[in-house]
Amino acid sequence: MSSPLPEDLPRPEHPRPQFVRADWLNLNGTWEFEIDRADSGLERGLRERELSGTITVPFCPESELSGIADTDFMEAVWYRRRFTVPAEWGSSRVLLHFQAVDHDTTVWVNGTEVARHRGGFTPFTADLGGVAEPGEEAVVVVRARDRRHGPQARGKQATWYANTHCHYTRTTGIWQTVWLEAVPRAARLKRPRLTPDLGSGSLHVELPVTANLPGHRVRAVLGEEGTELVRAEARADLDLCPRLALVLPPERVRPWSPADPHLYELRLQLLDAEGEVVDDVVSYAGLRSVALRGKQVLLNGEPVFQRLVLDQGYYPDGLMTAPTEDALVRDIELGLEAGFNGARLHQKVFEERYLYHADRLGYLVWGEFGDWGCETGQRDDNQQPDASYPAQWLEALERDHSHPAIIGWCPLNETYQRLHDRITRLDDVTRAMFLATKAADPTRPVIDASGYAHRITETDVYDAHCYEQDPEVFGKLMDGLAEDTPYVNTGPEQTTWSLPYRGQPYFCSEFGGIWWDPAAAAEAAGDESDTSWGYGERPRTEGEFVSRFTGLVDVLLDDPHMFGYCYTQLTDVFQERNGVYRFDRSEKVDTRALRAAQQRAAAFERP
């Protein structure tokens, strides 16, 4: 079993709730730490010596919870920790997991380089076999580089010193849990891919293994409340990725939905030639379907209007890292209390614990990549994402494939570039990320790029962002969907950014963003500033805010061809004061009124 954890250990929960082994050790807490402003630490011997300070992992050094709270630029940071691998793990192989480190990471253990990884949003693993065995001491040294200039997937992290407009304090280095795991040495299960098939009442399980040993088999057991419903086995000595189908008895088929977020228990095992279990993993799964029919996006064959809210996943004290697991749960509960049934997870790959709670609470989410950070300023070739973009996105798709709460993918957001007769890097990468998404997961719809530059003819979903504040004008802008002439984002002087709309399901995936700051409501409305901003003129009263919110929502609820919307946004974020809640998650408007505005039946949902 996992070793006892200190009571004050930050973020002590298992970070990978859909693939849990019994033997693991959380390495969060106090690590040695040193800032390397000019990235000269390797030459100056930081890899070999003790570091000058300490930090609380998994919080980034820019955050208050890290104990550092340094918001200046850091070209590199270094971490060091000494620990003993649990002796009770016996003959197991030991894996060292990093859930997320921003941005380019090198890891050494006992002087040996064991891992390199690019990308600040996705996990990676170091195999410590032959480097640090059970019962042995390990010294882990981590260097994370986070350059200020050049294309890099940063999400909303500012590339200038201060928080400005919709860019926020940076995250450098370790910002999610670090942990050890004991796994079988000869062969083990790799991360499974769980795909619901509601049409046949079954769950498809892909169970890749690290080696095909003679006589080995894989087994999957699906259950409810400790009662086994169905099991399946297959040989594991022939295929690198054995596949199983768990066909439920018809009377036990219970579709996952916001109204009934039912999850089945799932146990995955690898058996040796004698039938002994050599690898044993606990998981869970939901059974639901997503389909497209004309302009409709259907959940379990039914039109469920998606009342989404934009969630950027920032916290005043932890920045991109939630201070506690309860904070993750609370964000979902806040969305539900305000009448939303899901969220667009914006410019960030959220941690897996968030997705677990979305699965558990029936909260619909669109997974998105934090692609901002590739602007060049060059005319008509102003965005140049590099080859690391699709590589990082594929890692996110692999990590999150099995979560039933995810009902769509959004690889890019607000890419903007004039559509002309030259194929640019943005065109290449947009197509690469779209095709990669469809190849990795053909079961969910994909938006090629949310909002601005739709550059893939066959994109599953088309959308637009519109922050018009007058409900009457907003209604006129949104009025053309029935005639296949929906609102489409364009550049300055109506410059074309996107390929034409071709009748796909359509929704307004960003709207509202009402500038509501009660503390400043009595002041004269002004232009956007670095201290407080949102869209449109500030309402003077809460009633005015609710009236505008209701009017904008009504436009989209009343359109029978609109399958959903995404309101900006769940909370204020630093200077961006357009949230339904304050940055500290306290209430700043009567959420009962917002819920009432959203809960009436949408035209899309009517027979």
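A pocket is defined here, on a 1 Å grid over the protein atoms alone, as an open set of points where a 1.4 Å probe fits, with protein on both sides within 12 Å along at least five of seven lines, and its lining residues have an atom within 4 Å of a point. The structure is a predicted model, in which local features need pLDDT of at least 70 and side-chain atom pairs count only at pLDDT 80 or more, while totals for chains, interfaces and linings use all residues. Residues are numbered from 1 along each chain as its sequence is written, and side-chain values use heavy atoms, with hydrogens and water left out.

The largest pocket holds about 710 Å³ of space, a volume being the space filled by probe spheres set on the points. Its lining comprises 32 residues, of which Trp 160, Cys 166, His 167, Trp 372 and Glu 375 are the closest to the centre. By class, this lining divides into eleven nonpolar, twelve polar and nine charged residues, with Gly counted as polar.

The second largest pocket has a volume of about 570 Å³, and among its 23 lining residues Arg 16, His 97, Thr 125, Lys 190 and Arg 191 are the closest to its centre. Two or more lining residues each come from β5 (93–98), β9 (124–127) and α3 (388–400), where helices (H or I, at least four residues) and strands (E, at least two) are DSSP runs. The lining of this second pocket has eight nonpolar, five polar and ten charged residues.

Elsewhere, four strands form an open antiparallel sheet in the order β16-β15-β18-β19, pairing being assigned if DSSP finds at least two bridges between two strands.
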